[in-house]
Amino acid sequence: MVGLTVMELKAVYTNDPQPEGSQGRLAVRLGWKLSAVESGQCQLAYHIQAASSEELLLAGQADLWNSGRIAASQSLHIDYEGTEPKAGKRIWWRVRVWDKRGTPSDWSDASFWRRTWLERSDWTAEWIGGIVSTEQELLPVSYLRKSFNMDRKIKLATAYVSSLGLYELRINGKRASEERFAPGWTDYQKRVQYQACDVTAFLIDGTNAVGVLLGTGWYAGYLGMMGRQVYGDSPKLLFQLHLEYEDGKEERIVSDSSWTLRTGPLAYSDLIKGEKYDSALECPGWDSPGFDDRGWEPAHCFERYEGELTPQADPPIRVMERLRPVSVTRTERGSWIFDLGQNIAGWTRLRASGRPGQEVKVHHAEMLAADGSLYIDNLRKAIQTDVYLLRGEGMEELEPHFTYHGFRYVEVEGVEEELTAESLLGLAAYSAAETSGRIETSDQRINRLYSNIVWGQKGNFFSVPTDCPQRDERLGWTGDAQIFVRTACYNMDVEAFFNKYMVDVADAQREDGAFPDTAPDANWSNFKQVSSAQWFAPDNAGWGDAGIIIPWTLYLMYGDIGILKRYYERMKRWVDYLKANSDNLIRPDYADHADWLSINADTPKDVLATQYFAYSAKLFAQIAALIGQKEDEASYAKLFEQIKQAFISRFAYADGTIKGDTQTVYALSLYFGLLTGDLAEAAAKRLVQLIKDNGNHLSTGFLGVGYLLPALSEIGEDELAYTLLQQESYPSWLYSVKHGATTIWERWDGWTEHGGFQDPAMNSFNHYSLGSVGEWMFRYMAGLDADPMQPGFKHVRFRPRIGGSLRYVKAHYESGYGRVEANWERVGEGGLNVKLGLPPNTTASIVLPGRAERAFGPAGELEAGSASYSVGSGSYTFHVARIAKPEGEAPRFSAV
């Protein structure tokens with residue numbers, strides 16, 4: 001019998017900024033999935049071969065790397081240790097494995113990745129662009145072009161492109177890449193990404209033309225609340241085209257003073273302020289061969305960029321979904337309002353016709369006001385309007401270039417003809433991470449809630465995890481990111497996305513060890529002190545702790561211990577900073593944010609800050625243990641115990657209550673393991689009582705919401721957790737669902753029946769933070785949890801929690817090893833059917849909500865009468881005659 005078959009080879013570049021302050025090292029990590037006919041199969045060893053051509057590889061001539069037989073069950077995050085060819089070259093590879101009997105598999109199919117990174121010395125191009133006036137508020141988009149001739153047959157053409165600003169690459173009249181908003185957002189004072197694009201198919205024999213649109217983007221346009229030109233004033237382009245010919249010769253076309261430049265129809269295209277496009281200023285054929293550019297000016301060459309040039313390692317922003325309106329309405333003003341039926345981040349494509357110079361405006365909003373007009377009060381200084389001056393030559397397709405909006409509703413004014421649903425297309429754009437998980441239940445309200453969580457993630461994962469896609473903010477808040485990161489991992493494969501974000505977080509860490517509120521910082525650390533907010537806290541609990549919580553979560557969900565090693569010293573500096581800035585291990589009460597947007601339940605800032613201090617120390621001790629730092633493990637485990645005692649001494653009272661007496665206080669104290677024995681029991685009872693006294697409603701804000709239901713499940717209060725989940729009166733998750741929400745709102749009271757819209761100064765209707773309940777839905781409701789000792793779902797901890805009015809739950813998660821499936825369904829009077837499916841090379845420990853009357857595995861019937869099982873890969877079914885509280889596993893509060 002064939003034991004294992006190797007499937008789905010994957011090679012990923014990881015940009016490792018290590019050591020601090022030095023040129024980033026680029027690592028390649030390899031992985032694969034396995035398939036098996038029989039159950040319980042696992043990998044005992046692997047053998048990797050890599051070669052410079054497919055022919056050499058298939059002949060067994062591994063001229064780049066031959067690992068030999070490596071005794072290991074690891075099939076993820078394996079460092080490539082072979083020779084790296086020069087930039088643009090392919091590395092072909094294959095792998096075979098040995099199964100549990102020691103039988104080798106066949107070699108996998110050959111796969112390849114391309115070396116996309118350049119050494120600093122490989123760059124010969126210059127940074128080019130135009131000199132702009134710093135007094136001009138909204139800058140026009142620059143059009144740059146270069147013609148060149150090819151007199152021999154091309155084998156491979158690779159374009160390496162970056163910009164300080166945003167660029168769109170065009171070759172011979174065609175867009176050369178589907179990536180949008182390249183090169184992405186980083187701290188441009190420290191690093192900028194570049195993209196490598198195979199453009200061989202776009203080139204022709206003879207004369208070719210390269211055209212580039214260059215916009216302001218995050219670099220020189222409006223950025224959040226901080227205004228414009230935060231990083232610089234003039235957008236700049238870096239372009240290098242590597243040509244490899246069939247005869248072996250090579251050539252480079254680079255950006256330099258030989259390029260020409262002019263402005264055109266794009267009067268401006270700004271992330272925050274929208275776009276204006278004047279068709280009368282178009283230059284037909286400007287990006288094609290044969291265009292006469294003698295009236296264009298030479299491009300200006302700027303000084304060398306001193307930051308790091310790093311290849312993009314995160315998913316690029318792309319148009320991922322397209323939505324037709326579900327309704328179209330003509331207003332009394334003669335405009336047209338379209339409803340997409342879904343709140344998204346992106347833009348619209350409009351088909352319309354009219355007279356030459358006729359002005360068409362396309363407005364975007366998340367909600368409608370009471371009178372049916374677009375609700376735009378919450379945009380603050382953002383302008384979600386795109387303006388087009390028509391060409392007047394029949395039907396025109398109108399679509400912006402370097403701006404995006406948060407919206408469900410679109411109003412089009414200035415069009416005289418009748419518009420229909422076919423006239424407009426909503427384009428949802430986000431960082432192109434693949435879907436990894438899904439949940440379905442018998443309650444359509446919960447299904448809508450889960451959809452809202454996913455759409456909130458899509459609308460805000462835009463190069464960085466932003467807080468909103470519509471108003472003049474759109475920043476990478478670290479506190480929001482850490483509370484949602486585990487939910488995000490279940491929903492989509494965000495490993496590469498958060499790996500890049502952690503580079504941003506590290507870049508913004510201060511010398512004293514403090515992690516930032518936002519990443520990239522974008523001058524927020526200074527702006528917050530001079531803005532109307534008048535925030536002066538040098539650090540913020542729950543925000544700075546993202547520097548530990550996010551790497552820890554990525555390790556748990558994806559199994560890459562490398563991220564813990566890469567940021568180990570930075571994490572250590574953070575905990576040391578917290579200790580140094582404490583009074584007898586009690587943190588000060590100066591935080592700006594605290595349990596943000598809680599409902600009539602202000603958690604004291606010193607309590608919250610000390611809780612997160614303890615949590616970071618506890619996680620860091622576990623991280624030290626995992627990577628073999630024994631002294632640090634002992635030291636920081638001791639520190640956690642000391643913080644715990646200081647916390648109890650300062651904040652726990654004789655009657656069992658804790659200072660602040662809020663749901664967040666108790667949820668965090670319990671989940672972070674700050675209480676034991678009688679104190680833990682008293683806190684658990686008080687948490688339950690607070691919820692019941694609040695009419696079975698939650699009161700938590702951003703920092704408490706993600707831990708509330710997990711804490712309840714850990715103390716055996718699954719039914720109360722379900723009561724909160726299925727609560728639909730205010731405040732609750734389902735309140736917004738009940739009132740038609742299609743994304744997660746920023747506030748519990750973003751709109752209420754009794755108060756209408758909340759304060760427009762801060763009222764986003766697309767904000768993922770309160771959607772962190774998605775973690776509980778996967779980990780507890782569906783029962784799929786990771787094991788810190790065998791992370792990445794190498795070992796699955798399966799313990800579904802049954803409750804509420806749900807009749808069934810169906811869930812799956814696409815781990816690095818393959819798909820894990822979990823279903824449960826109520827049957828008969830108090831009975832339950834439970835199913836679990838595991839991919840090859842994985843195992844699971846199962847805790848059922850009652851003893852199994854019948855149990856079946858891949859090989860047949862299992863021993864019945866138990867509530868716990870340890871199993872290997874395959875499909876398993878259990879019938880529980882009567883649901884009871886699970887036996888065996890005690891509440892663990894293990895900070896995982």
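Which residues does Val-494 touch, not counting residues up to four places away in sequence? In this predicted model, local features need pLDDT of at least 70 and side-chain atom pairs count only at pLDDT 80 or more, whereas totals for chains, interfaces and linings use all residues. Residues are numbered from 1 along each chain as its sequence is written, and side-chain values use heavy atoms, with hydrogens and water left out.

**View 1. Surroundings of Val-494 and the nonpolar cores.** Val-494 touches Ala-433, Gln-457, Phe-461, Ala-488, Cys-489 and Tyr-558, residues up to four places away in sequence not being counted; contact means heavy atoms within 4.5 Å. Val-494 is also among the members with the most contacts to other members in the largest nonpolar core, of 246 residues, along with Trp-32, Trp-218, Val-412, Phe-498, Tyr-612 and Leu-709. A nonpolar core is a set of buried Ala, Val, Leu, Ile, Met, Phe, Trp, Tyr and Cys residues joined through side-chain atoms within 4.5 Å, where buried means under 20% relative accessible area (1.4 Å probe, protein chains only). Helix H10 (residues 605–626) supplies the largest share of this core, 13 residues. Helices (H or I, at least four residues) and strands (E, at least two) are DSSP runs, numbered from the N terminus.

**View 2. Contact of helices H12 and H13.** The axes of H12 (residues 663–671) and H13 (residues 677–693) come within 9 Å and cross at roughly 145°; axes are lines fitted to C-alpha atoms over the stretch in contact, with angles from 0 to 180 degrees between N-to-C directions. Gln-663, Tyr-666, Ala-667 and Leu-670 of H12 meet Ala-680, Ala-683, Ala-684, Arg-686, Leu-687, Leu-690 and Ile-691 of H13.

**View 3. The aromatic pair Phe-181 and Tyr-404.** Phe-181 and Tyr-404 form an edge-to-face pair, 5.8 Å centre to centre with 80° between the planes; rings of Phe, Tyr and Trp (its six-membered ring) pair if their centres lie within 6.5 Å, and planes over 60 degrees apart count as edge-to-face. Phe-181 lies in the loop between strands E13 (174–175) and E14 (191–198), and Tyr-404 in the loop between strands E31 (396–398) and E32 (405–413), 223 residues apart. Phe-181 is buried at 2% relative accessible area, and Tyr-404 is buried at 2%.

**View 4. The aromatic pair Phe-461 and Tyr-768.** The ring centres of Phe-461 and Tyr-768 are 5.7 Å apart and their planes stand at 80°, so the pair is edge-to-face. Because Phe-461 lies in strand E35 (residues 461–462) and Tyr-768 in the loop between strand E38 (756–757) and helix H17 (773–781), the pair ties together parts 307 residues apart in sequence.

Technical notes:
Buried < 20%, exposed > 50% of the residue type's maximum accessible area, 1.4 Å probe, protein only. Phe/Tyr/Trp six-rings, centres within 6.5 Å; stacked < 30°, edge-to-face > 60°.
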